[in-house]
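Subject: Structure for your review

Dear colleague,

Please find below the structure that I am handing over to you. My notes on its salt bridges follow.

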Amino acid sequence: MHFRPLHDRVVVRRIEAEEKTSGGIIIPDTAKEKPQQGEVVAVGPGARDDNGKLVELSLKAGDRILFGKWSGTEVKIDGEELLIMKESDVLGVIETDAALKKAA
């Protein structure tokens with residue numbers, strides 16, 4: 001099944017956090033918090049402004065993002081747990097060193 005979000009919504013796959021602390025202690029599943037990092041899987045076409053003009057989203061599929069702890073709605077699509085959230089729930093895009101060098 002293919003899922004296409006509407007308006008200014010994005011579909012996000014959580015990126016799992018480390019299983020160990022920096023000291024080497026293994027964190028059990030029950031003690032782990034849900035990660036607040038994710039990868040954008042799909043984006044909607046955008047929202048409409050006051051004049052009815054379509055304003056495209058600044059996110060794109062493949063972006064690594066940070067989002068708020070309680071952001072989004074959890075859904076299961078094709079057996080995979082995903083989040084659907086508005087672009088405004090995204091706190092920022094995580095850029096790698098390679099992407100920063102390419103942009104410069």
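Glu 39 and Arg 13 join their side chains in a salt bridge, with N to O at 3.7 Å; the term denotes a side-chain nitrogen of Lys or Arg within 4 Å of a carboxyl oxygen of Asp or Glu. Because Glu 39 belongs to strand E2 (residues 37–43) and Arg 13 to strand E1 (residues 9–14), the pair ties together parts that are 26 residues apart in sequence. Strands (E, at least two residues) are DSSP runs, numbered from the N terminus. The model is predicted: local features need pLDDT of at least 70, side-chain atom pairs count only at pLDDT 80 or more, and totals for chains, interfaces and linings use all residues. Residues are numbered from 1 along each chain as its sequence is written, and side-chain values use heavy atoms, with hydrogens and water left out.

Glu 39 is partly exposed at 29% relative accessibility, and Arg 13 is likewise partly exposed, at 30%. Here buried means under 20% relative accessible area, exposed over 50%, and partly exposed in between (1.4 Å probe, protein chains only).

A second salt bridge links Glu 74 with Arg 14 at 3.3 Å, N to O. Glu 74 lies in strand E6 (residues 73–77) and Arg 14 in strand E1, so this pair connects parts that are 60 residues apart in sequence. Glu 74 is partly exposed, at 45%.

Lys 60 pairs with Asp 63 in a further salt bridge, their closest N and O atoms being 3.0 Å apart. Lys 60 is exposed at 51%, whereas Asp 63 is buried at 9%.

Shared partners join Arg 13, Glu 39 and Glu 80 into one network of salt bridges. The whole structure holds five salt bridges.

Yours sincerely

Note on methods. Helices (H or I, at least four residues) and strands (E, at least two) are DSSP runs, numbered from the N terminus.
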